[in-house]
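User: I'm new to reading protein models. Can you walk me through a few features, one at a time?

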Amino acid sequence: MTTKPSALTRRHFLAAATGTAILATLAACSGGKSKDTTVKDTQAAKGLDIQGVNFTYDPNTLVNKGEPITLDWWLWDGDAKFKAFADAYQKIHPNVQINIVNQVWDDYWTKLPLALQGQDGPAIFNIHNSHHDNLLPYCEAYDVDVEALSKDFVGVDGHLIDGKLYYIDYGLMTGLIFYNKKMWSEAGLSDADIPTTWDEFREVAKKLTIRDGDSFTQAGFNFNDSLYLILLGKHYQSGYNLFDASGKKAQLDTDVVEKDFQYFRDLYEVDKVGSPDFGPVAQEAFGQGLSAMHYSWGHLYGTMAKDYPEIEFGTFQTPVNAAGQTPYAFDRYNGESTFGINKNAPDGAREVAQDFLKFFLTANTELTELCLNYSLFPASVALADNAKIKEHPVTSALGEIDRYVWPGPMPATVEDNMKIAVSDTLYNGADPKTALTTAKTTIDADIAKTEFVSVEKLYAHADEAKG
């Protein structure tokens, strides 16, 4: 994850670099390790409770036969939140030391694959599913009871590869509407006016718009640079998957997507609640108090708290097509992944990593804080009713999480080319149908070169899909 534009929506390809130049920096990047404080552990029976419900962790064991061992854990963000897991585990197993090694996002994806090629790479490393193909060759399969894990975590089956798991989701992120509470009140709106349908949303957006002639003082709704995200999710509300039955071809140049696209174009061209030229970076425009409403994934909550603390905002679930009807799905989601285990690490390190994984997945206190930190709905079923989760402005607005679809670890080409299609239409006057067809053609060609196959068929309500 990242506190920059969402780790769930950011997509980076591995940068090209010479091996010698990068390898020469690895030692420096792994520096800053804390002093080794491990001791030999001789007490297996620690009198501690077994963690978990169906998938469990028994802390009353010795790992690495109680002998001192040190592991590196590479990540790109959230040092303190992840360190909390390491600290809690080390209290149980004092012979283990887990060193947190933080890399910046862009460097991470260049250095990590190189480091994993030998035994000196980190034993554990955080994964983002947009880099699935690059990292999977270095991952050891989890030594877990898949059936038990599937009972306690959402979406496990979607991560199975030949019956094995290499990572799963610990938290889920999706889209919702953020609104400026001050602007809402000044427009005479109350909580009773929170729109639940797109027709109601349109009327609210009009009321929130302030213009001075042809110029905007306040946009009612700004979707500049975020509309492509809305369109990649909204079609699910009409009952259609993003990919066809083969799971390899995108369904973007359809009547449903064109109709959705036209709805948002009408908000600008007919209702004039915003403009392509007003606050071109929608997130910044919302943070700067120029826009009353903005669609974003949950990461915006952290951005607002950090960069725009003066803005008081609220959230509500993305509206749907018809009142009183549960859609096929509200939107798609993406997951923040559990860490990978380096298959090239020494035997002892891999043994400890597998044990630490079981602890990580059942450490509910730490998992709750990690999910709250990134505004994620927990994948752990046990945390769905957690009081803190229910009170959080993002997770509390999502409703039933089982009505969100995960298409799988989509290649970056999907978002990249959908963004181009929307931009060409809004800013270059391109015909929407042509732009969508071009995007689909490019996406299909790119996906054909990968192993990606959509897992939409595993969605809990897949039998309700129209196509």
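User: How are two packed helices described?

Analyst: You give the angle between their axes and the distance between the axes. In this predicted model, helix α7 (residues 198-207) and helix α9 (residues 255-269) pack at an angle of about 15°, with axes 11 Å apart. That makes α7 roughly parallel to α9 (angles under 35 degrees count as roughly parallel). Helices here are DSSP runs, H or I, of at least four residues, and strands are E runs of at least two, numbered from the N terminus. Axes are lines fitted to C-alpha atoms over the stretch in contact, and angles run from 0 to 180 degrees between N-to-C directions.

User: Which residues in α7 and α9 meet?

Analyst: Trp198, Phe201 and Arg202 from α7 meet Tyr263, Phe264, Asp266 and Leu267 from α9; contact means heavy atoms within 4.5 Å.

User: Is Leu75 buried or exposed?

Analyst: Leu75 is buried, since its relative accessible area is 0%. Buried means under 20%, exposed over 50%, partly exposed in between, with a 1.4 Å probe and protein chains only. Leu75 sits in strand β3 (residues 69-75). Leaving out residues up to four places away in sequence, Leu75 touches several others, including Phe82, Tyr108 and Asn126. Leu75 and Gln103 are 28 residues apart in sequence, yet 6.2 Å apart in space, C-alpha to C-alpha.

Key:
Residues numbered from 1 in each chain as written. Predicted model: local features only at pLDDT ≥ 70, side-chain atom pairs only at ≥ 80, totals over all residues. Heavy atoms only, no water. Parallel < 35°, antiparallel > 145°, perpendicular 65-115°, else oblique.
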